[in-house]
Amino acid sequence: MTLWERAQLAITLLAIDPQRLGGLVIRARAGPAQAAMLAAVQALNMPKVKLQHHMTPEVLNGDIDLSVSLAERRLVMRKSIFDCAPSLFVLPMAERCAPQFSARICQALEADLGHALIALDEAAEEGEALPAALTDRLSFHVTLDDLALQDLTPMTLPRAIEDIRAAVRGVILPAELVQEAVTLAASLGISSLRAPLLLGYAAQAHAALHGRNEVTDDDFKLAVMLVYPHRATRLPEDPEPEAQPDGANPPEAAQEPTQAKPPNDLMIEAVKAVLPAGVLTQLQSAAKQPASGSGSGTRRKGNHRGRPLPARVGPKNSGARVDLVASLRAAIPWQTLRKAGNPKAMGPIFKASDLRHKRYEIQSDRLLIFTVDASGSAAVARLAEAKGAVELLLGEAYARRDHVALYAFRGTGSEALLPPTRSLVQTKKRLAALPGGGATPLAAGLVAAFNLAVQERRNGLTPTLILLTDGRANVALDGSNDRAQAAADAQMLAQKIAEAQIPALVIDTTIRPEKTLQTLAGTMRANYIALPRSDAKSVSAAVSSALAQS
Amino acid sequence: MKQPFPFSAIVGQDDMKLAMVLTAIDPSIAGVLVFGERGTGKSTAVRALAGLLPPITAVTACPVNSADVKDCPAWCDISDASVQSIATPVVDLPLGASEDRVTGALDIEKALTKGEKAFQPGLFAQANRGYLYIDEVNLLEDHIVDLLLDVAQSGENVVEREGLSIRHAARFVLVGSGNPEEGELRPQLMDRFGLSVDVLSSANIDERIEVIKRRDAYENDHEAFIAHWQSEDATLRARIVAARAALADLQTPDSALRRVAELCIALGSDGLRGELTLLKAARAFAAFAGDATVTDDHIRKTAVLALRHRLRRDPLDDSGSSSRVARTISEILGH
């Protein structure tokens with residue numbers, strides 16, 4: 001079965017049972033493949049509504065329709081965009097969806113209104129992904145990146161779609177397939193219980209498509225290929241330990257758990273066949289770091305919403321937005337009086353003094369980028385103490401609700417231990433597991449931190465760079481062990497950081513403060529703190545005060 | 001409208017179900033926070049709760065569901081003292097709800113059509129004497145959280161804006177659910193929840209299969225399924241009503257008070273709120289179990305629920321507060 005056929009099957013199944021299947025994630029950059037897919041979606045006999053990221057809560061939740069209310073002089077509410085006949089919502093650039101927005105969509109999908117969602121995932125960079133809450137609710141996921149133009153054939157829906165729709169609820173799902181669905185999910189590391197449910201619905205839809213009233217193994221296998229692969233977090237290398245619930249689950253005396261039989265190899269093969277090559281390596285790295293979800297903190301913006309302040313009187317500057325509702329409210333209590341003075345006037349009477357302006361309080365979130373030297377020289381000296389200091393700083397970051405990112409550099413390059421997040425527990429885990437040893441590629445660490453700082457500043461965060469190192473750079477950017485070149489590269493980057501005006505802080509972890517590092521900090525226009533030969537607490541105090549100044 | 005999934009039909013998740021039942025027995029426990037992974041039945045349980053709760057009697061025309069006409073706020077001008085039995089309100093506070101919608105605001109319709117200044121009650125009014133449910137509570141906008149903190153604490157909603165000066169009772173059980181990966185909760189808000197539950201999806205294959213089967217039955221064999229489980233729900237409801245009645249006569253010996261205090265001191269939980277909630281929860285649990293006196297056993301069963309989110313938070317201690325509480329319980333209460 002080719003990719004395109006699978007995509008078409010997903011759409012056909014969605015057409016059969018949109019409500020229970022929830023929807024489809026289309027992962028493709030804008031292009032002919034995405035266009036063909038959207039054209040195929042047109043075949044679904046449902047009204048289509050496009051969602052936009054800047055939709056305000058008023059649009060999503062419904063609000064007073066002011067113009068109509070004023071014209072008709074009675075209260076007219078504008079319906080929520082979700083308050084309509086069963087529709088197909090299309091969400092472009094779903095990877096940029098804010099958690100609040102995705103949560104609202106999820107609630108609409110679950111509200112039993114018969115809606116379905118097509119999420120277009122155009123993620124390009126690593127770390128960009130759909131909110132997990134959405135992917136969990138949408139049954140299907142198709143990746144169209146590898147499609148050739150000639151593959152794209154127009155699709156047609158089966159003719160008697162209405163009959164199939166009517167039949168799908170009656171399709172029987174045999175008990176052993178339910179068990180199969182659950183075991184398979186467990187062995188693929190899929191913890192959400194929605195997955196086996198959606199699998200069942202997909203299998204039922206497929207059976208109905210072929211006029212069967214009971215799900216067969218074939219239906220089941222196809223459904224597995226459509227629903228499970230993108231949810232898998234591991235591959236069952238050795239199914240035995242997974243099949244057995246672990247010790248956390250005390251054996252109940254009354255109810256002997258049936259010996260979960262290892263999942264059908266055929267099904268796992270089916271999943272493997274569908275997995276794109278890249279996913280396998282992702283799986284393997286995911287297995288090393290069993291963190292669930294991407295942590296939506298990655299894409300959170302600091303500036304795109306603010307705490308609305310009470311609207312303010314007066315048109316002081318022309319750029320301010322008039323808060324219609326607030327202005328109306330200010331005017332309304334006076335209407336009866338003003339009407340008495342001017343009985344002929346139609347509609348409410350406004351005066352300049354009624355105008356209210358919108359105000360928002362915007363506070364940019366701070367992002368602390370910890371760049372930790374984990375090289376052998378630093379490790380011997382003070383890595384443990386540096387970790388302690390970072391942990392204390394993390395505690396404070398938590399209190400201030402800062403975002404935190406963690407980079408470590410050692411050996412030949414730097415490693416992103418944690419993309420920007422607010423989950424400090426994760427940060428701490430990664431930090432504790434950080435091994436030490438190897439050379440000091442200071443420049444590589446600075447490159448990584450610098451890139452992240454620039455990128456996140458675009459996203460509206462205020463980055464601050466915190467560098468913990470002994471400053472003994474001995475690996476240059478090109479990977480050679482040239483001390484002089486390494487130092488020059490570090491200086492060059494420090495210069496760049498200063499030019500980009502990224503606030504920075506350099507913590508010297510050597511026992512005797514290093515002259516070169518002080519120079520580096522000077523170039524970077526960073527605060528320089530020598531890790532005193534004392535406990536981590538005093539370092540944290542020093543850093544806090546330095547941060548407060550910056 | 002389809003009947004919600006019945007409460008009794010939820011497989012496993014005993015802690016979550018117990019916590020909700022306890023708040024139904026004693027609403028002054030003031031809330032349940034359900035944090036956990038996706039697809040573990042968090043929202044299903046809350047929606048089911050609405051079907052489980054015993055009805056309340058309320059003044060027919062009262063916007064805040066007052067039990068008696070003399071409790072009705074003066075501004076709603078109610079003369080008709082007739083009461084009716086209504087389902088316990090379970091009100092959804094949607095993300096992105098505006099401040100006006102939550103607290104209530106000037107009634108624009110009346111202002112427009114009649115030129116009079118009237119108050120339009122908001123969600124706080126609707127939720128009075130019932131439940132206020134916030135899905136994805138950790139994503140709630142800060143300014144709504146501030147409103148919530150104040151009202152949940154004082155039990156009274158005060159609106160001072162647009163020339164309105166309105167106050168009304170707003171006592172409700174706060175139920176919040178969320179996924180901790182999407183953001184953490186402000187400690188102040190966390191504190192307002194009486195009980196807290198950490199839900200994990202079951203690792204037991206049999207249980208998971210049962211979940212899917214029941215869901216399937218709910219979808220495909222709706223009437224029979226609902227009929228079967230509604231009787232279970234009715235039994236549970238009767239137990240809740242009986243426990244409410246038993247609560248008044250329940251003996252709380254000084255030894256139990258001492259135990260609770262010892263536990264809270266050993267855990268270093270902030271303030272007295274933990275002690276009070278634990279005591280209430282233990283009493284509700286004793287009443288639910290049909291016992292006449294609060295014993296160590298009741299405290300043991302409810303301590304994790306009542307205390308795990310109240311430990312002095314060290315955000316970096318990942319050993320899990322549940323296990324810390326459990327450890328202290330076994331130290332103090334013995335096994």
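Trainee: Let's start with strand β13 (residues 462–469) of chain A: is the strand mostly covered or mostly open?

Mentor: Burial here is a neighbour count: a residue is buried if 20 or more other C-beta atoms lie within 10 Å of its own, exposed if 12 or fewer, and partly exposed in between, with C-beta atoms placed from the backbone. By that count, seven of the eight residues of β13(A) are buried, and the strand is mostly covered. Keep in mind that this is a predicted model, where local features need pLDDT of at least 70 and side-chain atom pairs count only at pLDDT 80 or more, while totals for chains, interfaces and linings use all residues. As for labels, residues are numbered from 1 along each chain as its sequence is written, and chains are lettered from A and ligands numbered from 1 in the order in which they are written.

Trainee: Which strands does β13(A) run parallel with?

Mentor: In general, strands of a sheet pair through backbone hydrogen bonds, either parallel or antiparallel. Elements here are DSSP runs numbered from the N terminus: helices are H or I with at least four residues, strands are E with at least two. Two strands pair if DSSP finds at least two bridges between them. Strand β10 (residues 366–373) of chain A pairs with β13(A) in the parallel sense over seven bridges, with A:F370 opposite A:I466. Strand β14 (residues 504–508) of chain A also runs parallel to β13(A), joined by five bridges, and there A:L465 stands opposite A:A504.

Trainee: What is the strand order in the open sheet of five strands in chain A?

Mentor: Read across the sheet, the order is β2-β5-β6-β1-β7, with parallel pairing. The edges are β2 (48–50) and β7 (140–143), each pairing on one side only. Ignoring direction, neighbouring strands are turned by 20 degrees against each other on average. For one pair up close, take strand β1 (residues 23–27) of chain A: four bridges tie it to β7(A) in the parallel sense, and A:R27 sits opposite A:T143.

Trainee: Moving to chain B, how do α12(B) and α13(B) pack?

Mentor: Two packed helices are described by the angle between their axes and the distance between the axes. Axes are lines fitted to C-alpha atoms, for helices over the stretch in contact, and angles run from 0 to 180 degrees between N-to-C directions. Helix α12 (residues 296–307) and helix α13 (residues 321–333) of chain B make an angle of about 155 degrees, with axes 9 Å apart. They are therefore roughly antiparallel (under 35 degrees counts as roughly parallel, over 145 as roughly antiparallel, 65 to 115 as roughly perpendicular and the rest as oblique).

Trainee: Which residues make the contact between α12(B) and α13(B)?

Mentor: Contact requires C-beta atoms, placed from the backbone, within 7 Å of each other. From α12(B) come B:D296, B:I299, B:R300, B:A303, B:V304 and B:L307, and from α13(B) come B:S322, B:V325, B:A326, B:I329 and B:L333. They divide into eight nonpolar, one polar and two charged (Ala, Val, Leu, Ile, Met, Phe, Trp, Tyr, Cys and Pro count as nonpolar, Asp, Glu, Lys and Arg as charged, and the others, Gly among them, as polar).

Trainee: And at what angle do α1(B) and α9(B) cross?

Mentor: Helix α1 (residues 14–25) and helix α9 (residues 222–247) of chain B cross at roughly 55 degrees, with axes that come within 9 Å. These two are therefore oblique to each other, and the crossing is right-handed. B:V21, B:A24 and B:I25 of α1(B) meet B:I240, B:A243, B:R244 and B:L247 of α9(B). That makes six nonpolar residues, no polar and one charged.

Trainee: What about the backbone: what is phi at B:R129 and at B:E136?

Mentor: B:R129 has a positive phi of about 70 degrees although it is not a glycine. It lies in the loop between α5 (123–127) and β7 (130–135) of chain B, and with 20 C-beta neighbours inside 10 Å, B:R129 counts as buried. For B:E136, phi is near 55 degrees, again positive in a residue other than glycine. B:E136 is in the loop between β7 and α6 (142–154) of chain B, and its 24 C-beta neighbours inside 10 Å make it buried.

Technical notes: Contact = placed C-beta atoms within 7 Å. Left-handed = near helix turned anticlockwise from the far one by under 90°.
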